[in-house]
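Visitor: I would like to learn how to read charged pairs and helix packing in a model. Where do we begin?

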Amino acid sequence: MVQSERHDVGYVLRICAIAALGGILFGYDTSVISGAISPLQEYFHLSPAQTGWAVSNVVIGCMVGAIVSGAMADRFGRRITLFICALLFSVQSIGTALATDFTWFVIYRMLGGVAVGVASAVSPMYMSEVSPKDMRGRALSMEQFAIVFGQVVVFIVNYLIARSATPEWLLDMGWRWMFGSEIVPCILFCAMIFFIPESPRWHVLKGRHDEALKTLTRISNEHHARNLHAEIRQSLGAVAKSSLGFSKVLGDARARWIIFVGASIAALQQVTGINVMMYYAPMVLKSTSGSLQAALFQTIWIGFALLLGCIIGAWIVDRHGRKPLMLWGSIGMILGLLVVSWGLYTQSTGLMALSGMLVFMLMFGLSWGPVCWILISEIFPNRFRAVGISLAVTSQWGMNFIVSQCFPMLSENKYLSEQFHGAFSMWLFALLGLFALWFVMKFVPETKGISLEKIEDTMINHRTVSASASTVASNTTRHV
């Protein structure tokens with residue numbers, strides 16, 4: 001058993017790894033469409049708008065799941081809510097594999113989207129609540145690592161299914177096997193979820209203090225557990241038995257500010273271009289690689305670049321902080337997008353577009369990928385964490401829907417295709433990346449090493465400092 005000075009690190013990482021299985025299903029479910037999109041287009045005779053809908057409809061379910069995730073997590077607990085997600089994933093996997101028309105395909109994909117929306121909020125919520133503050137970044141990085149691992153696995157599965165298949169078999173059966181393969185990680189998640197304890201902060205929220213102390217003691221030691229338990233009770237204050245609802249949270253000016261920052265971070269993650277890389281990479285690379293099989297093979301390397309970035313990010317996020325990773329990562333992602341756009345604009349055969357994608361994915365993996373989840377899991381105080389994360393993830397999925405729905409229409413627009421050969425959307429994402437860089441510089445504080453019970457003051461103090469700096473700059477300008 002690995003022990004730190006106060007914490008049982010091995011135990012924390014083990015229970016977070018099981019909770020992160022929700023992230024594996026998240027990544028698997030959202031990216032399985034990348035290998036199936038071309039056969040689906042032919043099988044269901046989809047227009048560009050319908051192709052976007054085939055990909056983005058799942059996000060409607062994700063938004064619904066994100067909205068209800070806070071209420072479910074507070075009512076049933078974090079652990080039972082994750083088990084419900086696993087059941088929904090299972091139904092979706094079987095349903096989409098057996099769908100006989102596009103309407104039923106969309107219905108089952110939306111159902112899976114509900115599971116993704118709930119899991120994307122509750123998995124990091126759980127990990128943030130069981131992780132000690134000095135290793136919270138490392139533990140929460142497991143969520144992004146799990147998402148990417150799920151994506152890499154499904155990229156490999158899609159490629160293996162398509163590698164030796166005839167076009168006719170892929171059109172009729174191949175895509176069904178791609179969606180049906182998700183049942184394997186679903187069964188694993190269902191089996192493992194009951195091996196983890198409930199969140200101690202949820203136990204305190206419900207007045208079950210003995211159970212909370214038991215888990216906190218298992219995570220660290222009795223003395224530290226009692227001190228932390230007292231801090232949690234104090235931070236929850238009058239809401240120790242029930243969480244704040246949406247109306248009360250939105251009526252609190254301090255809470256509104258923190259939710260604005262959290263929801264903006266979550267939304268900006270989706271306008272960096274990551275959705276195009278994960279959902280449409282084979283579609284983008286097909287024009288420079290020559291065939292669907294070759295494009296699917298190249299997509300595997302994109303997934304590995306993202307996985308490597310996540311490993312690097314997890315290693316350094318608790319050492320160097322969240323904000324530096326976000327800033328340097330944004331710069332690297334913008335450069336990667338510019339390389340991709342040049343490869344597409346010049347119609348360079350070979351590896352230029354792929355090289356740009358690899359740079360982009362590596363930098364996203366060590367910055368916006370994990371750090372976005374870390375921030376939206378730790379910047380919300382105990383008194384409205386469930387509601388705050390729910391709203392932030394809803395914002396994230398809303399922006400995901402817009403990007404996923406619009407990209408095929410941009411990509412297949414006749415004028416844009418003739419003039420820019422697919423580069424226009426990459427330039428647009430690079431511009432949005434600049435905006436994301438500015439937002440982090442201005443509005444996001446460093447949260448490394450700050451306990452969840454003290455995070456609210458950090459967020460509000462940063463707002464005050466930023467506002468004062470803006471006022472001073474404005475007055476200086478007027479007097480120059």
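Guide: Start with burial. Buried means under 20% relative accessible area, exposed over 50%, and partly exposed in between (1.4 Å probe, protein chains only). Here Asp 74 and Arg 78 are both buried. This is a predicted model: local features need pLDDT of at least 70, side-chain atom pairs count only at pLDDT 80 or more, and totals for chains, interfaces and linings use all residues. Residues are numbered from 1 along each chain as its sequence is written, and side-chain values use heavy atoms, with hydrogens and water left out.

Visitor: How many salt bridges does the structure hold?

Guide: Side chains of opposite charge can pair when their charged atoms come close. A salt bridge is a side-chain nitrogen of Lys or Arg within 4 Å of a carboxyl oxygen of Asp or Glu. The structure holds nine. One of them joins Asp 74 to Arg 78 at 3.0 Å, N to O. Shared partners link Asp 74, Arg 78 and Glu 129 into one network.

Visitor: Which side chain meets Arg 109 in a salt bridge?

Guide: That of Asp 29, at 3.7 Å, N to O. Arg 109 counts as buried because its relative accessibility is 0%. Asp 29 is also buried, at 0%.

Visitor: At what angle do α17 and α19 pack?

Guide: Helices are DSSP runs (H or I, at least four residues), numbered from the N terminus. Axes are lines fitted to C-alpha atoms over the stretch in contact, and angles run from 0 to 180 degrees between N-to-C directions. Helix α17 (residues 322–345) and helix α19 (residues 368–378) pack at about 145°, with axes 9 Å apart.

Technical notes: Helices (H or I, at least four residues) and strands (E, at least two) are DSSP runs, numbered from the N terminus.
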